[in-house]
Amino acid sequence: MSNLLENGFMENLSKNPDKLTILHYGTNWCQNCERMEPILKELKQRYKDENVDFKFIDVEEQIEFCEENRVFSIPTTCVLRGDTVVERIIGCHDDDVYFKAVDNAINLTKAEVEATENEIVNINLDTREKIN
């Protein structure tokens, strides 16, 4: 993947505030990242009619982008509406965690998206509950 910033990736997201994008951060040597592959394929299949974009971001190639977006653990999956992260899932979980995150993002109102703009949503690895 080429440098996302050079290609105007974030600018395009901000121009499409209703667009849903899944950013999956990982590497090719991470076992949990590899375990995510079937889940991501299932997500793509399930949401193919919802016009959801899926992007893989290699954390070793996109270090600055990852730091700017506060990605410090892999795998990390972010669900964006426009250029706003509305869900952030750290680690590898059952597929239902990802389906719920995408479903929630699809159903958010504009006001709810704006309210999450500065909020980071993490999933506790042990309880699979949101933590603040």
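This is a predicted model: local features need pLDDT of at least 70, side-chain atom pairs count only at pLDDT 80 or more; totals for chains, interfaces and linings use all residues.
Residues are numbered from 1 along each chain as its sequence is written, and side-chain values use heavy atoms, with hydrogens and water left out.

The protein chain has five helices and six strands, where helices (H or I, at least four residues) and strands (E, at least two) are DSSP runs numbered from the N terminus. Along the sequence they follow the pattern α-β-α-β-α-β-β-α-α-β-β. Of the 132 residues, 42% are buried, that is, under 20% relative accessible area, with exposed meaning over 50% and partly exposed in between (1.4 Å probe, protein chains only). Among contacts (heavy atoms within 4.5 Å) between residues at least 6 apart in sequence, 71% join residues at least 24 apart.

Most residues other than glycine have a negative phi, and most peptide bonds are trans.

In the loop between helix H2 (31-46) and strand S2 (52-58) lies Asn51, which has a positive phi of about 60 degrees although it is not a glycine. Asn51 counts as exposed, at 52% relative accessibility.

The loop between helix H3 (63-68) and strand S3 (76-81) holds Pro75, and Arg70 is placed in the loop between H3 and S3. Arg70, not a glycine, has a positive phi of about 55 degrees and counts as partly exposed at 47% relative accessibility. Ile74 and Pro75 are joined by a cis peptide bond, with omega about -5 degrees.
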